[in-house]
Amino acid sequence: MTDALLHPFSPPSMPEGDFIEIVRGEGSLVFDSNGREYVDAMANLWLCQVGHGRTEIIDAVTAQMRQIEAYNTFAPFTNGPASRVAEMIAERSPHPDGRVFLGCSGSEAVDTALKIARQVQQRRGHTGRQVIVKRTNGYHGTNFGGTSAQGIAPNREGWGDLVPHFVEVPHDDLEAAASVFADQGDSIAAVLTEPLQGAGGVFPPADGYLEGLRRLCDDNGALLIFDEVICGFGRTGEWFGAQTFGVTPDLITFAKGVTSGYLPLSGVILSRSVCEELEEPGFLLRTGYTYSGHQASCAAGIANLEIMEREGLDQRANHVGERFQEGLRALQADGLIESWRGMGAVYAAELGRDSIPVRNEILANGVIVRPIGTCLAICPPLVITDDEVGRVIDTMAAALR
Ligand SMILES: Cc1ncc(COP(=O)(O)O)c(C=O)c1O
């Protein structure tokens, strides 16, 4: 293999030969090019809800591609799979009477949500409202909007000027958010937050925090955007984190779990009142992507959501969570980890020291977890078996010892 491929979030100096080549997957297991088996305790990268190797999704995509692989959805064109997947997503969301914009990546979803929030404020006559309030530890993708919205400082560095008018608040400090609103409430277009912060280190929200943000937005005419790229599609024990935490945002971004990664699909769910601003006759939504509503991706989404519904995977995170919590409590009781945090089917084990060497040892013993600073993140397929959870915890314990 040559070094032609430039890997994302990787050292460009790392030779291609040092990467692990994953060639096959089955349920919660993946296999590398040397035939070595791993428990995929990261569900690829926080996303493979239904597990790998589902022939039902593969067949749905193949059948769609035999009809037509893709055709754009710019007016005057539409297609059945895009329309159907949008309907299925809206029905399961807190906005069954809302609408769904489609893209490919989480980054596209985030940038589109930010643009829609500002557009809605403009259309309401609030032309001075441009500020986006974002939180420390937030991860919102790597397009320019999402990069500007990053609460992980190193991810913002080295790219030159970012998008203006982003204001960062400490991640769980409602007082700090309230004081930004007190200072510049008239300039704020929206607050952007993950319900549970994922890639920044798995931080569930403090009690009352999301409710507090909702109140601040309502009292000050700002929109609330939940970035549910990780939380969406069953990760927290309901279809969306908004439902788990009982707080309804105006816009919801999603990606990853909507297809479990079988093909790229993402989007933004818009509340009815947001839609009404855009549905005014004569207005043209001048944003979107060639692949918005890509038929094959949408067919993968439909098949994935059907599997999740039939197998009750929208709720299974709670069962997976009980098993992991048991294991993590035991690791803590044995003094192997400092603490743990998380809920549903997403956790972090806090080691209090660089987690990369421990991750490497765990990986060498056939389990994939993700090092984030001083913690190890776990976010398995929602179909993971109790035995496989046991393997993850036992392998972590051995490496930590
Ligand atoms: C909350 C959140 N938003 C946005 C993104 C970006 O998604 P993508 O990598 O598909 O662009 C991610 C990716 O992990 C994410 O976790």
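These legends describe close-up views of a predicted model.

Residues are numbered from 1 along each chain as its sequence is written, side-chain values use heavy atoms, and hydrogens and water are left out. In this predicted model, local features need pLDDT of at least 70 and side-chain atom pairs count only at pLDDT 80 or more, while totals for chains, interfaces and linings use all residues.

**View 1. An open sheet of 4 strands has the order β1-β2-β3-β13.** Its pairing is mixed. Helices (H or I, at least four residues) and strands (E, at least two) are DSSP runs, numbered from the N terminus. Two strands pair if DSSP finds at least two bridges between them. β1 (22–26) and β13 (367–368) are the edge strands, each pairing on one side only. β3 (residues 37–40) runs parallel to β13, with 2 bridges between them. Valine 39 lies opposite valine 367 of β13. Helix α13 (residues 386–400) packs on this sheet and touches β2 (29–32), β3 and β13; contact means heavy atoms within 4.5 Å. The directions of α13 and β3 make about 100°. Axes are lines fitted to C-alpha atoms, for helices over the stretch in contact, and angles run from 0 to 180 degrees between N-to-C directions.

**View 2. Strand β15 (residues 375–378) is covered on both faces.** Cys375 and Ala377 are buried on one side, Leu376 and Ile378 on the other. Buried means under 20% relative accessible area, exposed over 50%, partly exposed in between (1.4 Å probe, protein chains only). In a regular strand the side chains alternate between the two faces of the sheet. β12 (residues 346–350) pairs with β15 in the antiparallel sense over 4 bridges. Tyrosine 347 faces isoleucine 378 across this pair. β14 (residues 370–372) is also antiparallel to β15, with 3 bridges. Here proline 371 has leucine 376 as its bridge partner. β14 and β15 make a hairpin with 2 residues between them. Glycine 373, in the turn, has a positive phi of about 60°.

**View 3. Arginine 54 and glutamate 311 form a salt bridge.** The structure holds 19 salt bridges, each a side-chain nitrogen of Lys or Arg within 4 Å of a carboxyl oxygen of Asp or Glu. The closest N and O atoms of arginine 54 and glutamate 311 are 2.7 Å apart. The pair links distant parts of the chain, 257 residues apart. Arginine 54 sits in the loop between α1 (43–47) and α2 (55–67). Glutamate 311 sits in the loop between α10 (295–310) and α11 (313–333). Arginine 54 is buried, at 19% relative accessible area. Glutamate 311 is partly exposed, at 36%.

**View 4. Glutamate 326 and arginine 323 form a salt bridge in helix α11.** Their closest N and O atoms are 3.0 Å apart. Elsewhere, salt bridges that share partners join Arg99, Arg272, Glu276 and Glu279 into one network.

**View 5. The second largest pocket holds about 990 Å³ of space.** On a 1 Å grid over the protein atoms alone, a pocket is an open set of points where a 1.4 Å probe fits, with protein on both sides within 12 Å along at least five of seven lines. Grid points are joined across faces, edges and corners, and the volume is the space filled by probe spheres set on the points. The lining has 27 residues, each with an atom within 4 Å of a point. Thr73, Arg99, Val100, Phe101 and Leu285 lie nearest the centre. α3 (80–92), β4 (99–103) and α9 (272–278) each give two or more residues to the lining. α3 gives the most, with 5 residues.
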